[in-house]
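Please keep the viewer open as you read.

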Amino acid sequence: MELGDWRNSIVNQLQARNKYETAAFQDIITFQSRLFDNVNTLKNENLQLTLVNERIRYSNTDSSLAGGGNVINEKIQALEQKILIQQEELTSLHRRRGESAQQIINLNAQVHDLEKQLQAKDIISVSEVILFFQDENRSLADRFLKYKAKDADKMNEENEHFLKSSNPTAFIINTIGRVSFGKKSDKLRKELEEAAREGGSRSSGGSPGGSADDKILDSMPYYTTSLPNKVALRFSERVNIHCM
Amino acid sequence: MANDREVLREIWDGKLPICFQLAQEEIMEIQQPDPFYVMVPRLSYFPLVTDKMKRHFLRYISQENSDSEMWLDYNGQPLKWHYPIGFLYDLFCGNDPQLPWTLTVHFTKFPEDVLLHCPNKDIVEAHYMSTVKEADVLKHRGQVMSTMQKKDHNQLWLGLQNDKFDQFWAVNRRLMESHSDNEGFKHIPIRIYSDDGICNQRLVSPKNVDGSRKNLHQMISELYPDKSDVKLRTHGVTLPLDTPLQWLSEHMSYPDNFLHLCLC
């Protein structure tokens, strides 16, 4: 095959074409493609890392809420629970204090009432006792006076009887013995016996004349005038002292 | 015979830097998507090289459009995916090279009246194979393709798809052989496009009536008798008019075995 200038022209043009169109751009386009791929890879990696990052951050906040935060939360909840319980206790204590105060007031009032009642009761019982003893005293005094009056009557009767009899000394001895005044009365009895002995001797030798009464009065002057009256007075005084 | 390996290799190695940008009205994200730069083989097809780009831009469009068919435009002109990328560049930017070639990516408003649908790469393969067969019919009455095994067809396709020069040419060379005694194809598979993209496909013989090798100039005279000063461009090359058609077809056909020439 004959090859002329046309072939050289074509080959030259093709070579120039490849130089201009292909070689000039091949490297830069290849490089650009590599960069493009790298950029896309990095973009994707970046995106995935961002996602992972977000997920980690989310799970972190989640775990800080659910983990560390959970602990805090649990603590807070426990403390809140405690506070609630304490508040309830406080309220119940307040209520109980109020109840107790009311109870105290009621009991105080009751105490006051009882004190009043007690005071009233004391006053009543004392006066009752007083009245009782006063009554008893009065009755005793009455009985004593009655007995005294009887004694007095009896003594008067004895006296009269004694005056009628001839032996007054025996009468006195009898009377005194019966009455029995203790040592003092013993002493008095001795004195009286001595006096009776002296008086007997004197009356036997006494003057005749006057009435019977006069005769007794004459024969034992101090006996008749002093003895009955003084004794009677003394008894009544002693009764009065006792009663007071 | 396509035995000028240097030319074949130079053609094969041609790659274009392309800048894909998502159509502004389809961006649903606040952040503007970065443009997607890539070197693409001139001989390949857009559906074979845009998977990664598509994934990149899908993140920025409305979810309801994510299953829509993607399509491309240059300066408002939809790009036909069934044409080789290099040819599309020559067609639109042959007179005014702009590199990197900035294309706009769309997911909506598919221009039904302009573009064929391309739901997957099998469609591209089917289209490619049918074009190869058509070219073989023109060259060898379809005898080469019909005698090839399925694995040869696959190797042809996979060699192109995976940018494997040797793998591709191991099979493609058989399609470039001349069978008849008088060297040359029966007809030259050739499509000539005016700058408005309208395709003109005629039966072109590699030989003149007198049996001599037909060159470009002679062909142009036949096809465009009224036009003088016609230039034809393919693979980014303005073809010398004395280039023989047979050689041109053997060495400068696209992998679909057609010569795609742009009038300029």
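## Conventions

This is a predicted model, in which local features need pLDDT of at least 70 and side-chain atom pairs count only at pLDDT 80 or more, while totals for chains, interfaces and linings use all residues. Residues are numbered from 1 along each chain as its sequence is written, chains are lettered from A and ligands numbered from 1 in the order in which they are written, and side-chain values use heavy atoms, with hydrogens and water left out.

## Chain A

Chain A has five helices and zero strands. Both kinds of element are DSSP runs numbered from the N terminus: H or I over at least four residues for helices, E over at least two for strands.

Of the 244 residues in chain A, 13% are buried. Buried means under 20% relative accessible area, exposed over 50%, and partly exposed in between, using a 1.4 Å probe and protein chains only. Among contacts (heavy atoms within 4.5 Å) in chain A between residues at least 6 apart in sequence, 44% join residues at least 24 apart.

## Where the chains meet

Chain A brings 25 residues to the contact and chain B brings 40 residues. The area buried between them is about 2,700 Å², and carbon and sulfur atoms give 57% of this. Buried area here is the accessible area (1.4 Å probe) that two parts lose on being put together, summed over both.

Four salt bridges are found across the interface of chain A and chain B; the rule asks for a side-chain nitrogen of Lys or Arg within 4 Å of a carboxyl oxygen of Asp or Glu. The side chains of A:Arg7 and B:Glu6 form a salt bridge, at 2.8 Å from N to O.

B:Asp13 belongs to helix α1 (residues 5-13) of chain B. With neighbours within four places in sequence left aside, B:Asp13 is in contact with A:Asn18 and A:Thr22. Its relative accessible area is 29%, so B:Asp13 counts as partly exposed.

## The nonpolar core

The largest nonpolar core has 86 residues, and those with the most contacts inside it are B:Phe20, B:Phe46, B:Trp101, B:Met219 and B:Met252. Such a core is a set of buried Ala, Val, Leu, Ile, Met, Phe, Trp, Tyr and Cys residues joined through side-chain atoms within 4.5 Å.

What does B:Trp101 touch, leaving aside its neighbours within four places in sequence? Its contacts include B:Phe46, B:Ile85, B:Leu88, B:Tyr89 and B:Cys93. Helix α4 (residues 85-93) of chain B has eight of its nine residues buried, among them B:Ile85, B:Leu88, B:Tyr89 and B:Cys93.

## Two serines in loops

Is B:Ser44 buried or exposed? B:Ser44 is buried, because its relative accessible area is 3%. B:Ser44 sits in the loop between β2 (36-41) and α2 (46-49) of chain B, and, not counting residues up to four places away in sequence, touches B:Val49, B:Pro84, B:Ile85 and B:Leu160.

B:Ser178 lies in the loop between α8 (165-175) and β6 (190-193) of chain B and is partly exposed, at 24% relative accessibility. A polar atom of the B:Ser178 side chain is 3.0 Å from the backbone nitrogen of B:Gly184. The C-alpha atoms of B:Ser178 and B:His140 are separated by 7.9 Å, although the two residues are 38 residues apart along the chain.

Note on methods: Polar contact = N/O pair within 3.5 Å; in protein donor to acceptor, adjacent residues only side chain to side chain.
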